[in-house]
Amino acid sequence: MRPIPLQCCLAILAAFGAAAPAQADTVLDNANGYTLNSRNELLRFTSLAFDDKGRILAVGSAARARAKAPKARHIDLQGKTVLPGLIDAHGHVFGLGEMLTQLDLAGSATLADALKAATDYARANPLHAWLRGRGWNQEIWKLGRFPTAAELDGAVADRPIWLERVDGHAGWANTRAMQLAGITRDTPDPAGGKIVRDADGNATGVLIDAAQDLVAKVLPKQSEAQARVVLDRALKQIAQMGLTSVHDAGVNVGQDALYRSYADQGKLTARVYGMIGDVGADFDQLSAKGPLKTYANELYALRAVKLYADGALGSRGAALIAPYSDEPKSHGLLFRQNADIHAMMDKAMRRGYQVNVHAIGDAGNRQILDGYQQLIARYKSKGGAALRHRVEHAQVVAPSDIARFKTIGIVPSMQPTHATSDMNMAEQRVGPERIKGAYAWRTFLKQGSRIACGSDFPVESSNPFFGIHAAVTRQDAAGQPAAGWYANEAMTLKEALRCFTLDAAWAGHQEKTTGSLEKGKWADFIVVDQDLFTMPAADIHKVGVLQTWVAGRLVFKKE
């Protein structure tokens with residue numbers, strides 16, 4: 001059969017709808033293909049065949065593909081590079097969608113920029129009772145302090161406005177928002193949170209970690225229609241970025257219902273591995289029938305739980321064993337006492353769930369490792385380490401604790417762009433000795449740990465090539481620092497690809513069906529505009545996605 005040219009094929013598929021199921025066996029020809037296999041070998045291929053259900057029939061030569069799919073339609077990729085679909089092992093899908101529908105301050109270089117953006121946003125949305133946004137970072141603004149409600153009042157005073165910090169672990173309110181939340185001089189700091197105050201003890205407008213709940217409880221509730229808009233926006237961007245699977249770090253009852261609905265309707269254009277947020281009422285309801293290991297041809301799973309040990313480094317909420325180097329009076333914030341967080345971990349494990357705990361600081365990591373060490377031994381007869389429990393971020397770890405990840409059997413779920421985003425303040429926060437155990441990818445890999453890579457979007461960009469670039473170069477997009485930031489902890493390109501594919505899949509118990517392009521697995525793949533393995537490493541962040549396919553369905557094509 002004569003191959004169909006790439007552009008013609010795309011036009012045909014578009015006529016049926018981008019997410020329409022494949023109607024026949026398909027063979028990709030003339031591909032510049034790369035995939036890892038289960039033996040960690042990097043394989044090259046020129047053809048890929050998959051059936052009408054989206055399962056791979058053959059990977060390799062044109063002859064092999066034709067033999068396995070003799071009556072297939074053929075698509076000529078004209079030498080373009082094909083990779084396995086990339087997997088983000090830690091993101092916030094609805095948070096991403098909300099950021100895309102609210103005020104985005106991620107590009108604000110100064111406080112003045114942020115205030116102008118808030119003013120413009122308020123003028124453009126006169127009917128919004130509350131104004132919301134995210135993305136500010138006082139470290140980039142070089143304020144040497146947090147912004148204040150008084151400053152925000154200068155931009156918006158007539159309506160409440162609530163702006164989350166880039167990491168989501170602090171929020172900035174104007175006076176009207178604080179009034180509605182009932183925050184006064186006499187409001188105490190909640191457990192696991194902090195109200196930033198001035199020298200006279202008055203709240204300044206910034207709330208850290210659990211203190212954000214004071215505002216959250218008075219925010220308007222999101223309707224289902226609004227949630228659908230948010231999910232649609234997030235899924236569209238996820239597909240554009242070449243992500244075929246995401247691990248959603250914090251799913252509630254309403255979001256679970258939407259995911260199932262979207263999967264049933266063929267609208268879920270990326271695989272979602274869900275983590276139930278906390279072990280409270282939502283967990284009790286969602287876990288009534290036990291972990292959901294697979295749903296709708298493995299488009300959705302809900303078999304993990306997301307907990308929090310501490311806050312973030314940028315807002316000094318990460319819990320440290322010794323005080324902050326740049327704030328000697330503070331150790332950060334452990335959200336709960338050991339007995340309480342360990343009991344929460346126990347509750348989830350007892351019901352058969354993988355436990356994934358956010359831990360940024362060395363005290364937070366140690367608290368969670370101590371819990372895992374006790375609990376995995378307790379549940380050895382029920383699978384123990386086989387559930388592949390994780391520490392999300394594992395960002396600043398005492399060097400003596402790094403080895404415990406391997407000996408206990410804990411997966412470090414890490415985000416490479418955190419290093420290049422945090423390098424402007426991380427060493428100031430923890431000093432020259434503790435930084436040696438921070439963002440320590442090479443150290444983890446050397447001991448045999450399997451790192452699951454992600455981005456923590458919308459904290460960072462959802463673009464996985466930014467993560468691969470950071471993992472390999474330890475540099476930002478401007479190529480700084482020239483020698484790489486603690487370059488001894490960098491990954492090789494092969495390792496970086498693996499942590500965004502096979503090892504991310506493994507961390508979600510899905511390595512037998514996704515993470516690589518091998519016979520019998522789902523045809524989740526992307527077509528990109530450059531060859532990662534021949535281009536300069538410094539340019540990897542410039543790679544663009546041309547097409548994204550999930551189970552043999554074209555879910556995105558660049559116009």
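Strand β25, which spans residues 545-550, pairs with β26 in the antiparallel sense, and four bridges join the two strands. The model described here is a predicted one. Within this pairing, Gln547 has Lys557 of β26 as its bridge partner. Two residues lie between the strands of the hairpin, and Ala551 takes a positive phi near 50° there.

Strand β26 itself, covering residues 553-557, is mostly covered, with four of its five residues buried.

## Packing of α13 against α14

Helix α13 (residues 362-378) packs with helix α14 (residues 399-408) at an angle of about 30°, and their axes lie 11 Å apart. Since angles under 35 degrees count as roughly parallel, α13 and α14 are therefore roughly parallel to each other. The crossing in which α13 passes α14 is left-handed.

On the α13 side, the contact is made by Asn365, Arg366, Leu369, Asp370, Tyr372, Gln373 and Ile376, which meet Ser400, Asp401, Arg404, Phe405 and Ile408 of α14. Sorted by class, the residues in this contact of α13 with α14 are five nonpolar, three polar and four charged. An α-helix has 3.6 residues a turn, so residues three or four places apart point the same way.

In helix α3, which runs over residues 93-101, the buried residues are Val93, Phe94, Gly95, Leu96, Gly97 and Met99. The elements that cover these buried residues of α3 include the strands β9 (86-91), β10 (103-104), β11 (131-136) and β16 (243-251), together with the helices α9 (224-240) and α10 (253-264).

Note on methods
Residues numbered from 1 in each chain as written. Predicted model: local features only at pLDDT ≥ 70, side-chain atom pairs only at ≥ 80, totals over all residues. Heavy atoms only, no water. Axes fitted to C-alpha atoms, helices over the stretch in contact; angles between N-to-C directions. Parallel < 35°, antiparallel > 145°, perpendicular 65-115°, else oblique. Left-handed = near helix turned anticlockwise from the far one by under 90°. Contact = heavy atoms within 4.5 Å. Nonpolar A, V, L, I, M, F, W, Y, C, P; charged D, E, K, R; others polar. Buried < 20%, exposed > 50% of the residue type's maximum accessible area, 1.4 Å probe, protein only. Pairing = 2+ DSSP bridges.
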